[in-house]
Structures are given as structure tokens and as C-alpha cells.
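Let's take a walk through a protein model together.

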Amino acid sequence: MNGQLNFNDIFKSNFLDKAGSFSLFDSLIALGLAFLIGLFIYFVYKKTFKGVMYCRSFSISLIALTMIASLVILAVTSNVVLSLGMVGALSIIRFRSAIKDPMDIAYLFWSIASGIVLGAGLFPLAVFGTLFIGIILIIFVNKSNADNPYIIIVNCDDDNAELNVVKQIEKNVKKYVLKTKTITGGKGIEVTFEVRLKNMETNFVNEISREKGVTSAVMVSYNGDYMS
């Protein structure tokens with residue numbers, strides 16, 4: 001009958017409406033800015049990385065996450081029905097990769113949030129927010145701090161050697177805490193201290209290693225919780 005639309009007409013109409021609401025120029029601007037902001041996040045992460053092993057694939061994924069989040073929001077904002085379907089589709093995604101450093105979580109959220117803001121069309125906010133966060137991270141993460149904790153592991157032959165080690169540590173560090181003490185077969189003693197250095201001075205470790213009855217002394221950087 002005239003005046004009635006069949007399924008094909010409805011499908012064509014919806015398709016044309018969606019195609020008409022899509023702006024290639026705006027999308028290219030959003031994705032281009034997403035790439036530049038993701039690249040900025042990549043360089044900030046690389047500059048502020050303090051872990052043991054740098055993972056290049058993770059840093060590159062920050063660029064991809066920024067662009068992907070922007071692409072998803074561009075699609076969601078163009079159609080309400082699509083946004084509901086997108087929520088259901090994304091809800092089944094599960095991430096299994098272990099995050100070893102809490103700062104990595106911050107970078108992941110930073111990338112995703114930047115992509116969302118760009119996809120929403122808030123370009124000045126995305127640029128300003130990214131620059132502001134990046135500057136703050138560079139200042140605070142790279143700030144030289146002599147209060148950083150270190151772990152000292154000493155192997156001793158007897159109680160007298162252990163006592164001398166404790167005296168050396170008390171004299172040369174700002175603060176220390178005995179973390180572990182292990183006695184092997186009643187012959188050897190291994191003690192572990194968490195210390196905070198005075199002006200990054202580490203020569204006292206050499207003195208400890210030369211103490212009578214000390215077989216080894218190792219100092220390593222410690223990224224765990226600070227002493228209370």
C-alpha cells in the first residue's frame with residue numbers, strides 16, 4: 001500500500017541517516033589529535049619510567065588506547081541505539097594482563113580519558129588536560145629525592161659481625177628498619193634492612209663489606225611502601 005514503508009525502506013533510511021550524521025573532517029581531526037596526545041603520553045611514560053624492565057609494547061598501547069577510545073566515543077555520540085549496543089559489547093571484555101606498577105594504571109586511565117574527551121569534541125580540554133597532567137608527572141616522578149628507600153642485604157658469620165653491621169648502619173643512614181633475619185644451619189646469618197640514606201651517600205656499604213665476619217653486602221633500590 002502507498003504511504004507504508006517496508007523493511008528495506010526503513011533500513012535504507014536508517015543507513016542514510018547515519019551516513020549523513022557522520023563527519024569525516026571532524027573524525028579526522030579527533031583521531032589526529034588522539035594520535036598526537038597518545039604520542040605525548042608515550043614520551044612522558046618513557047621519560048618517567050622507573051621500573052626494572054621497560055616494556056615498549058605497553059607504551060605503544062597507550063597511543064592505541066587513546067585513538068581507540070576516541071573512535072568508540074565518536075561512534076557512540078552519533079547514535080543513541082548504537083551507544084546502548086556498544087555498552088553491552090564492551091561489558092564482555094576482560095583484561096588478563098597483570099599490572100606490576102600502580103603508575104601504569106594511571107597511564108592507562110590517562111590514555112582512555114583523553115580519548116573519551118577527544119571523541120566528545122572537547123578538544124581544548126583534552127589538550128590542556130594532557131599537557132597539565134604530563135608536566136605534573138614529569139616534575140614529581142623525576143624529582144630527585146634522597147629519601148627514597150633502599151634494601152641492604154648482609155651475610156654474616158656470627159653475632160659479633162651482625163652487631164658491627166648494625167652499628168655501621170645506625171651511624172650512616174637517616175633511618176633503618178630490620179626487615180628479615182635468616183639463620184642458615186646455625187652457621188650463617190643473613191639480615192635485610194630497609195634504609196633511607198643521608199645525601200645519597202653509599203660508601204658505608206663498602207665499609208660494611210670489609211667488616212670482619214661479613215661475607216657479602218648488597219644494596220638495591222626499593223620501590224615498595226615507605227617506612228611509617
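Accessible areas here come from the Shrake-Rupley method with a 1.4 Å probe, and for residues only the protein chains shown count as cover. By that method, the chain has an accessible surface of about 15200 Å², with 64% of it belonging to carbon and sulfur atoms. Keep in mind that this is a predicted model, where local features need pLDDT of at least 70 and side-chain atom pairs count only at pLDDT 80 or more, while totals for chains, interfaces and linings use all residues. Residues are numbered from 1 along each chain as its sequence is written, and side-chain values use heavy atoms, leaving out hydrogens and water.

Now trace the fold. The chain has eight helices and four strands, where helices (H or I, at least four residues) and strands (E, at least two) are DSSP runs numbered from the N terminus. Their order from that end is α-α-α-α-α-α-β-α-β-β-α-β.

Look next at helix α2, residues 24-48. Its 25 residues should span 36 Å at 1.5 Å a residue, and its end C-alpha atoms are 36 Å apart, which agrees. The expected span is 1.5 Å times one less than the number of residues. Among the buried residues of α2 are Ala-30, Ala-34, Ile-37 and Ile-41; buried means under 20% relative accessible area, exposed over 50%, and partly exposed in between (1.4 Å probe, protein chains only).

Finally, find Val-214 in strand β4, residues 214-221. Val-214 is buried, because its relative accessible area is 11%. Among the residues it touches are Val-154, Cys-156 and Ile-208, a contact being heavy atoms within 4.5 Å.

Methods
Lists of a residue's contacts leave out its neighbours within four places in sequence.
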